[in-house]
Amino acid sequence: MDISSASVIGLGPMGHPIAANLLAAVPQLTVWNRTPSRDDDLVAAGAHRAATPADAAAPVILSVLPDVPQLRALLDAPTRAAWAEAGAHLIVLSTTGPAEITGLAEELGAEGIRVIDAPVSGGVAGAAAGTLSIMVGAEAEDLTAVRPVLEAIGTTIVHLGPVGSGAVGKLCNQVVVAGTLGALAEALGLARRSGLDPQQVVTLLEGGLARSEVLAQKREQLLSRQYPLGGSLDNQVKDLNYATTAAAEQGLATRLLPVLLEMSEESVGQGHGQDDHSVLQELYLD
């Protein structure tokens, strides 16, 4: 498959570094964002700025929007026609629900647009380093066609099954991430209330079995009590709701998920929805 050109739709905290990495791997990269100024540095480095989503038609299109509804909002008739004419393989990197991505794949597949369900993990740091973990739900031939593009942004690419499988894999990941952040919030709350130095406690955690990538990436937010994005708490609530629905559809009686969702919603209710999800620790602090 010709991958001499590709496009990135959505240049938020994850999309921008993903596009920056693709600049080195794809001879012709097109970018589109609702706020065009976010791509100024990418355009200066050689990317083409699409005026509309339809102008971003390419053999490979990566959607780095928050969810499928935001992507659907762009898919008017001219965009669908342009993408279909380009023979587009649409890689959806968003965290979404299995039903949402399979529905989109069926709809666009009928119009000649192949959908690859490929949510990612690794956070902004992984996106910048090109070391994302990519959970793929797709037909084998579709993954083969876009693998060189995925290899430019990630180091772990696992084919979990058909479209929808990637979404389930990412929801499993999100339960672990939210659970780890909840545990860190409670542990550091206990440490502070007990008069321990949080920095020393974090050092101890990093040196033992409790170390994790979550702690490595969120340590400064937890210690400074400053919560620049990262991953927003609003998105964590979205993801945990999707996980709750997926678990119910499989007849799984969850125990941890309801607690994590309740904690996250409580923190959002305190005005922290657009803070990094490590802000959960504020539930335990005065």
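**Starting from one alanine**

I began with alanine 185, which I found in helix H8. The model is a predicted one, so I kept that in mind throughout.

Is alanine 185 buried or exposed? I got a relative accessible area of 1%, and because buried means under 20%, alanine 185 counts as buried.

Next I asked which residues alanine 185 is in contact with, leaving aside neighbours within four places in sequence. The list reads Leu280, Gln281 and Tyr284. I also checked glutamate 282: its C-alpha is 7.7 Å from that of alanine 185, although the two are 97 residues apart in sequence.

**The helix around it**

I then traced H8, which runs over residues 165-193 and has 29 residues. From first C-alpha to last it reaches 42 Å, close to the 42 Å expected at 1.5 Å a residue. After H8 I noted glycine 195, with a positive phi near 85 degrees.

**Stepping back to the chain**

I noted 12 helices and nine strands in the chain. The radius of gyration is 20 Å, close to the 19 Å that the globule rule gives for 286 residues, so the chain is as compact as a globular protein of that length. Along its principal axes, the C-alpha trace spans about 65 × 45 × 35 Å.

I looked up burial too: 49% of the 286 residues count as buried. Of the contacts between residues at least 6 apart in sequence, 66% join residues at least 24 apart.

Last, I looked at charge: there are 16 positive and 32 negative side chains, and the centres of the two sets lie 5 Å apart.

How values were computed:
Residues numbered from 1 in each chain as written. Predicted model: local features only at pLDDT ≥ 70, side-chain atom pairs only at ≥ 80, totals over all residues. Heavy atoms only, no water. Helix = DSSP H or I, 4+ residues; strand = E, 2+ residues; numbered from the N terminus. Rg over C-alpha atoms; globule rule 2.2 N^0.38 Å. Buried < 20%, exposed > 50% of the residue type's maximum accessible area, 1.4 Å probe, protein only. Contact = heavy atoms within 4.5 Å. Lys, Arg positive; Asp, Glu negative; His and termini not counted. Charge placed at Lys NZ, Arg CZ, Asp CG, Glu CD. Expected span 1.5 Å × (residues − 1).
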